[in-house]
Amino acid sequence: MKYYSSLIRLLLTILMISILSFQPYIASAEETTATGDVEVETDELEDIDYDTDDTDGVFLDIDVIPDDYDHSVYSAALSTVYLEENTAGGDQELSLFTDRSMDSEQIKTSIEEEKGVLTCVFPNTYNAVGELKKAVTNSFVKNISISKTESTVTVTIKYQSTCIVSTTYDEQGVSFTFSKASYSIRIHLPEGVTGNQITDIDYYYDHKFVLKIPGKWKSFYDQYPILQRNNAITSLKVSQSGNHTLITVKTSRLQGYKYEQQGDYLFVNVNDPRKIYKNIVVLDAGHGGKDFGARSRGAKEKNINFKIIYTLAKEYFNSSASNVKAYWSRYNDKFISLSARARFASEVQADLFVSLHMNSAPNTRANGMEVYYARSNNDVSSMGLKSQTLARRMHDQLEENLSIPSRGVKKAEFYVLRHNTVPAILIELGFISGNRDHNKITSSGYQKNAAKNIYDCISNVFKSYPTGR
C-alpha cells in the first residue's frame with residue numbers, strides 16, 4: 001500500500017511539472033493575437049511591427065520581414081508601408097519600401113489630380129505586406145489599399161485632392177509627400193515649363209488678369225483641366241495667341257493675385273489686395289482726356305505726366321524686384337474726375353497715394369520742383385507715416401537725383417490730397433512753361449530718371465515704414 005501511495009505522488013509531481021512548463025507557451029501565444037486591421041497568422045506576428053494609433057505623428061506603420069520567396073521570379077518584396085507627419089512643415093510622407101534595391105524607373109506612378117487618387121505599381125515584386133485596405137483618419141491620405149496580380153503589386157492611395165503631391169524615388173522604393181495647399185487656381189505645368197517663364201498682365205480696371213505661358217498648350221489643358229476654387233472668380237478661359245497660351249481669369253470685383261510654382265503645378269491665390277500684397281500705392285497721372293492740363297510749345301502736361309508715372313514707372317513697379325504693388329488711377333488718355341481719383345485709393349486698399357503734375361506760370365523764369373501735402377490729411381497712418389513725411393522724403397529724393405532746382409515742400413488743400421484716406425502727396429516736377437525746365441521735363445532721359453526716383457523713394461518708404469502685413 002505504501003508502495004502505491006509513493007507511485008501516485010510521483011506521477012502527480014511529474015504532471016504538475018509538465019503543466020507549469022507548458023504555461024508560458026500558452027501565455028505567449030495569447031499575447032501575439034492580432035489586434036489591428038490587418039489579419040495575419042499568429043506565427044507571423046513576431047515579424048510585423050504594426051501600429052494603428054497616431055503616435056508622435058505616425059499614422060500607419062507596417063514593417064514586415066519577408067518570408068523566403070523565389071528571387072528568380074521577384075526582383076524584390078514590398079515590405080514597408082509607413083505614413084508619418086512632418087511636424088515642422090505640416091506635411092505628410094508616405095513611404096513604400098522594398099527589401100532589396102530595385103530600378104526606380106520600373107516603378108510606375110500615376111495621379112488622377114481632380115479625384116485625388118494616386119496609383120503606384122511595383123513590377124516583379126513579392127507582396128510581403130499582404131492584401132490591405134486601410135482607412136486613415138485626420139490625415140491628408142484617406143485610404144491605402146494594396147493588391148497583387150501575378151507578380152505585380154499595386155498600391156492605390158486616395159488623398160485630399162487639394163493637396164500638393166511630390167514624389168521622391170529611393171533605391172529601395174518611393175516616397176510621396178502630401179502638402180497642404182491654399183489656393184484659388186491650380187494649373188498643371190506642361191513638361192519643360194517653369195514658373196519663372198510665366199508672365200502676367202493685371203487688367204484690374206476690368207476686374208481680370210491674364211497669365212501668359214510659353215508654348216501652345218490649349219489641347220494640354222483640355223486633358224488636364226485647370227482647377228479653380230474661389231467664389232470671386234466668375235470665369236476662367238484658356239486660349240492661344242501666337243506661340244503662347246493665355247489663361248484669362250475674370251473676377252466679380254477688383255482682386256489681387258499672386259502665383260508660385262510647387263512641383264508640377266502653378267498655384268494662384270486670388271483675394272482682396274491687402275490680403276495679397278504687402279505694399280500698395282496709387283499712382284495718379286494728373287489730367288487726361290479732354291483735360292490737357294498746362295501746355296507750352298506743343299507739349300501737353302497730361303502726356304508728360306502719363307509717360308513718366310505710367311509708361312516708364314510701371315517697368316520698375318511691375319518688375320520681379322519690386323516690393324510694391326502699383327495701381328494707376330489713369331491707364332490711358334481718359335478723363336478721370338478728381339473725386340474718382342481720390343476714391344480709387346480706398347477701392348484698391350492702398351497704403352499711399354502719389355499724384356504727378358507739371359507746373360506752369362506766365363513768367364518763363366519760374367522754374368523748379370515742389371512737393372505738396374494737405375494739412376487736413378496729415379494724421380499718422382497705420383504704418384506710422386504722415387503725408388508731410390512722405391512729401392519731405394519724395395522732395396529730398398528728387399532734389400538729390402534730378403538736375404532741377406527745388407522750391408521746397410508746401411501745403412495745399414488740393415482735392416486729391418484732402419479727400420484721401422491714406423498719406424497723399426502731389427509732385428509738381430517742373431514748369432512746362434519754364435525757360436530751363438521745359439527742355440528737361442520733355443526729354444526722355446530726364447523722364448526716365450524721374451520715374452526711377454519716384455519708384456526708389458516709394459520703395460524705400462515702405463522699407464522704413466512697414467505695413468505689418
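Glutamate 399 sits in helix α7, which covers residues 387-401. The model is a predicted one, and all values given here are computed from it. Leaving aside residues up to four places away in sequence, glutamate 399 touches Met369 and Ser406. Methionine 369 is 30 residues from glutamate 399 along the chain, and the two C-alpha atoms are 7.9 Å apart in space.

The chain as a whole can be described next. Helix α7 is one of 10 helices in the protein chain, which also has 28 strands. Of the 469 residues, 45% are buried. Among contacts with a separation of 6 or more, 67% are between residues 24 or more positions apart. The accessible surface of the chain is about 24000 Å², and carbon and sulfur atoms account for 47% of that area.

Strand β18, residues 244-251, shows how some of the strands are arranged. Of its 8 residues, 6 are buried, and the strand is thus mostly covered. Strand β18 pairs with β17 (residues 233-241) in the antiparallel sense, over 8 bridges. Within this pairing, isoleucine 233 stands opposite threonine 251 of β18. The two strands form a hairpin with 2 residues between them, and in the turn glycine 242 has a positive phi of about 65 degrees. Strand β18 is also joined to β15 (residues 208-214), again in an antiparallel arrangement, by 7 bridges. Here lysine 212 has leucine 246 of β18 as its bridge partner.

Two or more lining residues come from each of the elements β14 (199-203), β19 (256-262), α5 (314-317) and β24 (325-328). Strand β14 gives the largest share of the lining, with 4 residues. By residue class, the lining is made up of 13 nonpolar, 6 polar and 6 charged residues.

Methods
Residues are numbered from 1 along each chain as its sequence is written. This is a predicted model: local features need pLDDT of at least 70, side-chain atom pairs count only at pLDDT 80 or more; totals for chains, interfaces and linings use all residues. Side-chain values use heavy atoms; hydrogens and water are left out. Ala, Val, Leu, Ile, Met, Phe, Trp, Tyr, Cys and Pro count as nonpolar, Asp, Glu, Lys and Arg as charged, and the others, Gly among them, as polar. Buried means under 20% relative accessible area, exposed over 50%, partly exposed in between (1.4 Å probe, protein chains only). Contact means heavy atoms within 4.5 Å. Accessible areas come from the Shrake-Rupley method with a 1.4 Å probe; for residues, only the protein chains shown count as cover. Two strands pair if DSSP finds at least two bridges between them.
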